[in-house]
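Visitor: Hi, I'd like to talk through the pockets and the ligand site here. Could you start with the ground rules?

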Amino acid sequence: MDPTEVVIPDALKPSDGRFGSGPSKVRRAQVEALVPEAVRYLGTSHRQSPVRSMVGRLREGCGDLFSLPEGYEVLVGVGGVTAFWDAMVFSLIRSKSQHLVFGEFSSKFSEAVALCVHLSEPDVVSSDFGTHPEPEPRAGIDVYALTHNETSTGVAAPVRRPASDGLVAVDATSAAGGMRVDPSEFDVYYFSPQKCFASDGGLWVALCSPAAIERIEMIGDSDRYVPPSLDLLIALANSRSNQTYNTPALATLHMMVDQIEWFLQNGGLDWAAGRSNESAETLYSWADSHELAAPFVTDAEKRSPVVGTIDLDDSVDAGRVAATLRANGIVDTESYRKLGRNQLRIGMYPAVDPEDVAALTACIDHLIGAFV
Ligand SMILES: *Cc1c(COP(=O)(O)O)cnc(C)c1O
C-alpha cells in the first residue's frame, strides 16, 4: 500500500487539515498573538506580573466560561491531567473512590488509584467500549470519578451527581470548552489545554467547588504524606496568588487564554459547544447515511460532539484511508490504537471549522471511491 497513490483534489480539501483528538488544532491567530509578546512576556519570570496576570486571566476566564457559582475556585498546576490524577490520589480521595470505566482514560485513573497503598481498593463500574456505565451510589464512597468525554472511544457521558454525598470529580480533558455542563453537578471538573483549548499539553486546570476545597484542606491538615508537586493544598495557595508551584509553560498558558477569550468574545460556552455540535451533526449524519461507514457509538445520545469515531466496512481499510489522508496533508484521523477497530477518529473541538468537517467527509468519500 502506497499512501501517496491517491491524490485528493485541492478543491475537496479542508482549509486546515488537523483533526487530531489531542494535541489538536491550534488556531493561527493564537500563535500570531505570541509574536508581539516575544520580549514582554515570553522568557520572563513566572513570579512577576506579566505571567501572573496571564494566570489570572485564565482563572477569571474559566470562571466566566463555565458560569462558576460563588465559592468555586480555579486551580492550575503543572503536569497535565495525568499528574492531576496522582494529585487526587494524594489530595482528594479520603479512602475509597468509585470509577466509571468505559475506555482508556477512565481506566488509567482507576489504575493509578489501585496502585496506592493509603487508599482502599477502588470500586470500578465498567461497561463495554462504545457505551458508558451509570454511577452506583454506595456508602463509603468519598469520590465518584466520572469522565465527561471518553476520548478513546468517542462516548460522551452525563455529568450528574449520584444520590450520595461523595464528591464528584469529572475528567473533562476533552470535553471542557466543547460541551455544556452545569457546575452544580460537579465538585472537581479538570482538564488540560491541548484539546478544546487548542493549546499545548503540560498544564492542568481544575474547577473546584467549596466541598472540594474543604476536602483538600482537610487532607492537607492530616498526617498523610503528600509529595509537594502533587499537593493540592499547595496548588490552591499558589493559584490564589495567580501562580503555579513550579514553572509553567508560558506559551501554552498564553495560547490557552487566547482560546478562552475567543470563546467568551463570541458568546461563551454555548457558542463553542454549538460549533462542535454542528461539526458532529455533519459527521454522524454523513456516516449514518453511508453504505460503508457507521458511527461506532450506536446510541445517538452517547455520541460525542467533540471526538467522532466512525467504523468503516471491512471492504475499506481504515488504516489506509487515514494514511492516505495524511499523505494529502489531512492528519491524525487514525483510530485509538488500543481500541483495535477498523475505524477513523475525528477531533471536532471548537477550533475546527464545521465546514472543514464537511470537507473531510468529501475527502473520505473520494478515497473510498478510489479504493473500493
Ligand atoms: C487527553 C486525555 C487525558 C490525558 O491528558 P494529559 O494532559 O496528556 O495527561 C486524560 N483524560 C482524557 C479524557 C483525555 O482525553
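Guide: Helices are DSSP runs of H or I with at least four residues, strands are runs of E with at least two, and both are numbered from the N terminus. This is a predicted model, where local features need pLDDT of at least 70, side-chain atom pairs count only at pLDDT 80 or more, and totals for chains, interfaces and linings use all residues. Residues are numbered from 1 along each chain as its sequence is written, and side-chain values use heavy atoms, with hydrogens and water left out.

Visitor: Thanks! Which helices each supply at least two residues of the largest pocket's lining?

Guide: Helix 3 and helix 4 (104–114) do. Helix 3 gives the largest share of that lining, with four residues.

Visitor: What counts as a pocket?

Guide: On a 1 Å grid over the protein atoms alone, a pocket is an open set of points with protein on both sides within 12 Å along at least five of seven lines, and lining residues have an atom within 4 Å of a point.

Visitor: And what volume does the largest one have?

Guide: About 410 Å³, taken as the space filled by probe spheres set on the points, which are joined across faces, edges and corners. Of its 27 lining residues, Ser21, Gly22, Phe105, Gln194 and Lys195 are the closest to the centre.

Visitor: Where does the ligand sit?

Guide: In the largest pocket, meaning that more than half of its atoms lie within 2 Å of the pocket's grid points.

Visitor: What about polar contacts?

Guide: Those are pairs of N or O atoms within 3.5 Å. Thr82 has a polar side-chain atom 2.5 Å from a ligand oxygen. The side chain of Asp171 has an N or O atom 2.7 Å from a ligand nitrogen, and that of Lys195 has one 2.7 Å from a ligand oxygen. The protein covers 87% of the 380 Å² of accessible area the ligand has on its own, by the Shrake-Rupley method with a 1.4 Å probe.

Visitor: Changing topic: what lines the second largest pocket?

Guide: His132, Glu134, Ala156, Ala157, Pro158, Asp299, Glu301, Lys302 and Arg303. Its volume is about 160 Å³.

Terms used:
Polar contact = N/O pair within 3.5 Å; in protein donor to acceptor, adjacent residues only side chain to side chain. 1 Å grid on protein atoms, 1.4 Å probe; cavity = no way out; pocket = protein on both sides within 12 Å on 5 of 7 lines; lining within 4 Å.
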